[in-house]
Amino acid sequence: MKDNQPFPLNAQTMNAVIDGMGAIVLVLLEQMEPEQRERAAKGFARLAAVAEAEGNITLETLLISMNKAAQIANRPAKP
C-alpha cells in the first residue's frame, strides 16, 4: 500500500464506503419530513433504474443502498 493511500483498494473497503454513504443518507433523511423522504427514495430508485439501463451495475448497487436507507428513514418510529 502506498503512503498516500490510507486503505487498500479491495471489496472490503468498497463495501465500507457504500455502508458509510448509506449511513450518511440515513442520518440526513431522518431530518426531513416524511414526504421529502418519500421523494428522495423515489429519486434514488429512478436513478438506480437509469444506471441499470446503462449497464453501470456498481452505481446501480450504490443507489439501491441509498434507496433502502431512505425507506428505513421513512418507517414510523417504534414506541
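Predicted model: local features only at pLDDT ≥ 70, side-chain atom pairs only at ≥ 80, totals over all residues.
## Confidence first

Across the protein the average is 87, and 95% of the residues score at least 70.

Residues are numbered from 1 along each chain as its sequence is written, and side-chain values use heavy atoms, with hydrogens and water left out.

H1 covers residues 11-30, and methionine 21 sits in it. Helices here are DSSP runs (H or I, at least four residues), just as strands are (E, at least two), numbered from the N terminus. Methionine 21 counts as partly exposed because its relative accessibility is 35%; the cut-offs are under 20% relative accessible area for buried, over 50% for exposed, and partly exposed in between (1.4 Å probe, protein chains only). Together with Met14 and Val17, Met21 makes up a nonpolar patch on the surface, with about 240 Å² of accessible area among the three. To join a patch, residues need over 30% relative accessible area and no salt bridge; like charges are joined within 9 Å, nonpolar side chains (Val, Leu, Ile, Met, Phe, Trp, Tyr) within 5 Å. A salt bridge would be a side-chain nitrogen of Lys or Arg within 4 Å of a carboxyl oxygen of Asp or Glu. The areas come from the Shrake-Rupley method with a 1.4 Å probe, and for residues only the protein chains shown count as cover.

Leucine 26 is also in H1 and is partly exposed, at 23% relative accessibility. Setting aside neighbours within four places in sequence, leucine 26 is in contact with Ala69, Ile72 and Ala73, where contact means heavy atoms within 4.5 Å. Leucine 26 and asparagine 74 are 48 residues apart in sequence, yet their C-alpha atoms are 9.4 Å apart in space.

## Asparagine 67 and its neighbours

With a relative accessible area of 11%, asparagine 67 is buried. Its side chain makes a polar contact with the side chain of glutamine 71, at 2.6 Å. Such a contact is a pair of N or O atoms within 3.5 Å; within protein, one must be able to donate a hydrogen and the other to accept it, and residues adjacent in sequence count only if both atoms are side-chain atoms.

Not counting residues up to four places away in sequence, asparagine 67 touches Ala41, Phe44 and Ala45. Alanine 45 belongs to H2 and is partly exposed, at 37% relative accessible area. From C-alpha to C-alpha, alanine 45 and asparagine 67 are 6.0 Å apart.

Alanine 51 is another H2 residue, buried with a relative accessible area of 1%. Beyond four places in sequence, alanine 51 touches Asn56, Leu59, Glu60 and Leu63.

Threonine 58, in H3, is exposed at 53% relative accessibility.

Technical notes
pLDDT = per-residue confidence, 0-100.
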